[in-house]
Amino acid sequence: MQTKSVMIQTLCVPCACRCRYCLLSWDGRCVGADYDRSQRLAERFYTWLKQTHPELTFNFAFGYSMDHPKLLDALDFLNGIGSVTGRFLQCDGMAFRSEEELNDLMSGLQAHGVRALNFTFYGTEAYHDRFAGRRGDFAHLLSMARAARGQSLSVSAGVPLTRENAGQAEALLRILQEAGLFDVRLFVPHGEGRGAALEPVRLREEDLWALPINLREKLNRKVYQTEAEWCKIGGGEPEKSRTLLLSLTEQNMDRLERTAFDEIIESLEALDEAYYAAFPSFKALLEAYGDREGTKLYSRRDLFARLRGMYKKEHGVSVYDVTDERQSGSRRY
């Protein structure tokens, strides 16, 4: 397994939404370390990597939302270290702003290196607002997209598709296109964090085929396959690369500031190796637990995680979970 990149994050910025399938299970409490302190550590880590491991990609991020109180200064830092998070902004969960405030925001984003914005829509307006846990969120996202287009920023939309909202997809697409959002991607929501609660309404192949062809084509079927299809190909090619994730908290900052960076990398790699060594391969798990007639759609990562959960429950496996992106760990690909 080859380490290709390192990501440092601090979950120190609140999110205005409470979405039903939040990757980070946002509960209203920020668990990340102080931003300025985190940035200083990230800057030192970046400088060290450039000198000692120039082959590794480095990114720095903050969450739970991108609504940083000094967002433009943060963007300058991100772009100064070449972090992709300085050019591509996920705009969910940001505070409501007036039209004038949105225009000022988008002008500032454009001037400070942002090139593309993405917005997530969970369905048509009433459904979306309930799903996001904030009345007015749908209308605000559309206003943000319009303001962004006014500053010549690239805009795109993602729509997590389930059995529950699939019937709204055609109407939603028309609304998005009328707002100038023509780059629309459908995806099957992950089962991580609060996403586990969506398993009963996970999209099936028959739900997808009920949609018009122009909508079906917006779901990447190379990425999202039925469980039966994953079983047929034995899970496909195994992952060969990984990104290491260092999640900064008030509890670990003192220790990390005293720890050599090569030791941090080694410890994250050891956590990754220990976690995956505790489970059979994806192919073996499919043979043991896979539904060879299953029509539910999964990404490879999502189905692998679901099957590991089944194995973990049956065999009483206890191991640190490197796939929980609220904490330090890794992502294989």
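How many bridges pair strand 1 with strand 2, and in which sense do they run? The answer comes in the second legend. This is a predicted model, in which local features need pLDDT of at least 70 and side-chain atom pairs count only at pLDDT 80 or more, while totals for chains, interfaces and linings use all residues. Residues are numbered from 1 along each chain as its sequence is written, and side-chain values use heavy atoms, with hydrogens and water left out.

**Figure 1. The whole protein, with 13 helices and ten strands.** The radius of gyration is 21 Å, close to the 20 Å that the globule rule gives for 333 residues, so the protein is as compact as a globular protein of that length. (That radius is taken over C-alpha atoms, and the rule is 2.2 Å times the number of residues to the power 0.38; helices, H or I with at least four residues, and strands, E with at least two, are DSSP runs numbered from the N terminus.) Along the principal axes, the C-alpha trace spans about 55 × 55 × 35 Å. Buried residues account for 53% of the 333, where buried means under 20% relative accessible area, exposed over 50% and partly exposed in between, with a 1.4 Å probe and protein chains only. Take the contacts between residues at least 6 apart in sequence: 79% of them join residues at least 24 apart, a contact being heavy atoms within 4.5 Å.

**Figure 2. Strand 1 and the strands it pairs with, strand 2 and strand 8.** Here's the answer to the opening question: strand 1 and strand 2 (residues 57-64) pair in the parallel sense over eight bridges. Strand 8 (residues 241-248) also pairs with strand 1 in the parallel sense, over eight bridges. (Two strands pair if DSSP finds at least two bridges between them.) For landmarks, look for Gln2 with its bridge partner Ser241 in strand 8, and Val13 opposite Tyr64 in strand 2. Nine of the twelve residues of strand 1 (residues 2-13) are buried, so this strand is largely enclosed by the rest of the structure.

Figure 3. Most residues other than glycine have a negative phi, and most peptide bonds are trans. Find Ser152 in the loop between helix 5 (137-150) and strand 5 (154-160), where it is exposed at 68% relative accessible area.

**Figure 4. His140 in helix 5.** With a relative accessible area of 7%, His140 is buried. Leaving out residues up to four places away in sequence, His140 touches Met94, Ala95, Phe96, Arg97 and Leu102.

**Figure 5. Thr226 in strand 7 (residues 225-226).** Thr226 counts as buried, at 2% relative accessibility. What does Thr226 touch, not counting residues up to four places away in sequence? The list is Glu205, Arg221, Gly294, Thr295, Lys296 and Leu297.
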